[in-house]
Amino acid sequence: MLRNIHVAVLTGLLALASSAEAQAFVAPALPEIPGRIFSVTNYGAIGDDITTNTAAIQAAIDAANKAGGGIVEIPTGVFLCGPIHFASHINLRVSGMLRMLPLGRYPGGTTDPANFISGAGLHDIAISGSGTIDGQGSPWWPYAKTKNAKRPRMIAFSSCERVLIKNVLLTNSPMFHIAISGKTTDVTVRGVTIRANASTDPVNPSHNTDACDVTGKRILIQDCDVSVGDDNYTCGGGTSDVLITNCTYGYGHGVSIGSYTSPGVSNFTVINCAFNNTDQGIRIKTDRDRGGFVHQLSYLNLRMTNVGCPILIYASYMATNREYRALNNLTPAIAATYPRSAITGKTPIYRDITFSNITATAQPGRRAGLIWGLPEMAVTNVLLQRVNITADKPFDIYEAQNVRLVDSKIITPEGVNKLSCTNAQITITPP
């Protein structure tokens with residue numbers, strides 16, 4: 001029954017967009033987990049925010065695994081814990097607080113720390129509940145600038161099937177909060193709140209605290225509330241059939257694709273989301289040695305307020321020339337000097353991208369948007385329909401073909417161009 005409701009809700013959401021705009025989407029399968037409960041307190045865990053409970057919590061997971069699966073319960077209390085390893089058919093249900101050991105007590109320190117909750121090659125796994133997983137990440141964050149220092153991810157799953165993360169609060173991870181990679185299929189992240197300081201925080205900035213990095217096939221990110229110090233969402237190559245819906249994004253780098261996009265990303269939809277104070281709204285980034293075929297992307301019914309750059313698409317992410325890296329100051333003349341290169345199997349290809357029903361205001365002094373392809377591989381087939389952006393600088397389009405602005409407005413101060421272009425084919429259709 002749960003799966004049927006799951007599909008019905010998603011069908012209703014996608015019906016809000018026309019069939020010409022939204023990509024077809026098949027809901028990810030949910031995990032099947034037995035209902036038997038294994039409370040960590042029955043294995044010696046003590047929720048006093050003093051005791052180290054790594055062995056006790058791992059014993060509860062192992063007991064559930066031996067019994068064929070079940071719910072490992074973190075009850076009321078504050079349970080300090082080091083790295084733990086997941087198993088198939090397990091739901092880690094957090095009702096109280098599961099707190100990572102602090103930096104000074106975390107095994108491996110900054111030399112070789114294991115990820116906090118990890119698993120590979122698993123199936124039917126979940127993390128749920130109304131409680132909190134706290135990373136105590138603040139002392140770790142400055143090590144982002146220390147050569148060879150390492151930091152653990154809060155949740156790290158690789159090549160798993162049927163993954164659910166639901167309702168929990170994830171806060172202050174030392175590094176990424178959710179990192180799901182490899183040949184993973186059927187991932188649902190629903191109703192999750194994720195918090196870390198902004199990377200621009202004047203007192204205590206966090207670094208690389210990505211909220212939700214999920215690469216794989218059949219991915220649903222729904223009803224989440226995110227504000228962090230790096231990507232609010234991102235995925236790499238080998239990703240397809242993604243729906244991000246009804247999410248609210250605060251501080252962070254927006255909803256991203258990249259930077260590694262080989263062999264490709266496709267069938268990707270973002271619908272009914274809000275962005276407030278994000279560095280970017282929508283960002284697609286890669287470079288010549290890491291590109292793939294990125295296509296069939298739809299961004300629908302989005303509201304952006306005080307964002308750094310509402311729409312950012314470019315293929316020069318690793319450029320070393322300062323003029324090419326200063327994207328907010330990029331001009332047609334500078335972009336026209338970007339060197340051509342031979343086409344290879346890692347040349348970025350951006351194609352068939354739709355932006356529809358988007359309203360955005362950019363931060364003071366920032367541009368309305370940037371679409372920047374390569375001299376040897378233009379961005380092609382981009383539709384901006386009912387897109388209204390207010391900004392101090394133009395929307396720039398370089399090295400792009402068949403860009404269509406339909407019933408859209410770029411609003412800039414008097415005397416400032418709306419569009420700024422080079423080597424671009426653009427058609428404008430007024431209301």
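# Core, strands and local backbone

Biologist: At what relative accessibility does Asp352 count as partly exposed?

Modeller: This is a predicted model, in which local features need pLDDT of at least 70, side-chain atom pairs count only at pLDDT 80 or more, and totals for chains, interfaces and linings use all residues. Residues are numbered from 1 along each chain as its sequence is written, and side-chain values use heavy atoms, with hydrogens and water left out. Buried means under 20% relative accessible area and exposed over 50%, with partly exposed in between (1.4 Å probe, protein chains only). Asp352 is partly exposed because its relative accessibility is 31%.

Biologist: In which strand is Asp352 placed?

Modeller: Strands are DSSP runs of E with at least two residues, helices are runs of H or I with at least four, and both are numbered from the N terminus. Phi of Asp352 is positive, near 60°, in a residue other than glycine. Its place is in residues 349-362, strand S27.

Biologist: Which strand holds Asn301?

Modeller: Asn301 is not a glycine, yet it has a positive phi of about 55°. It lies within residues 293-307, which form strand S25.

Biologist: Is Thr278 buried or exposed?

Modeller: Thr278 sits in the loop between strand S23 (264-276) and strand S24 (280-285). With contact meaning heavy atoms within 4.5 Å, and leaving aside neighbours within four places in sequence, Thr278 touches residues including Tyr249, Asn306 and Gln363. Its relative accessible area is 0%, so Thr278 is buried.

Biologist: Which residue supplies the backbone oxygen that the side chain of Thr278 reaches?

Modeller: A polar contact is a pair of N or O atoms within 3.5 Å; within protein, one must be able to donate a hydrogen and the other to accept it, and residues adjacent in sequence count only if both atoms are side-chain atoms. The side chain of Thr278 makes such a contact at 2.8 Å, to the backbone oxygen of Gln280.

Biologist: How many residues of strand S20 are buried?

Modeller: Strands pair if DSSP finds at least two bridges between them. S20 runs parallel to strand S18 (residues 217-222), joined by 5 bridges, and pairs with S23 in the parallel sense over 6 bridges. S20 (residues 239-245) is largely enclosed by the rest of the structure, because its buried residues number 6 of the 7.

Biologist: How many residues are in the largest nonpolar core?

Modeller: A nonpolar core is a set of buried Ala, Val, Leu, Ile, Met, Phe, Trp, Tyr and Cys residues joined through side-chain atoms within 4.5 Å. Among those with the most contacts inside the largest core are Ile244, Phe268 and Tyr299. A second, separate core of 5 residues includes Leu220 and Leu243. The largest core has a residue count of 114.

Biologist: What is omega for the cis peptide bond between Ser262 and Pro263?

Modeller: Pro263 is in the loop between S22 and S23. Ser259 also lies in the loop between strand S22 (255-257) and S23, and a cis peptide bond joins Gly258 to Ser259 with omega about 15°. For the cis bond from Ser262 to Pro263, omega is about 0°.

Biologist: What length does helix H2 reach from its first C-alpha to its last?

Modeller: The expected span is 1.5 Å times one less than the number of residues. H2 (residues 54-66) has 13 residues, and its span is close to the expected 18 Å. Its buried residues include Ile57 and Ile61. From first C-alpha to last, H2 reaches 18 Å.
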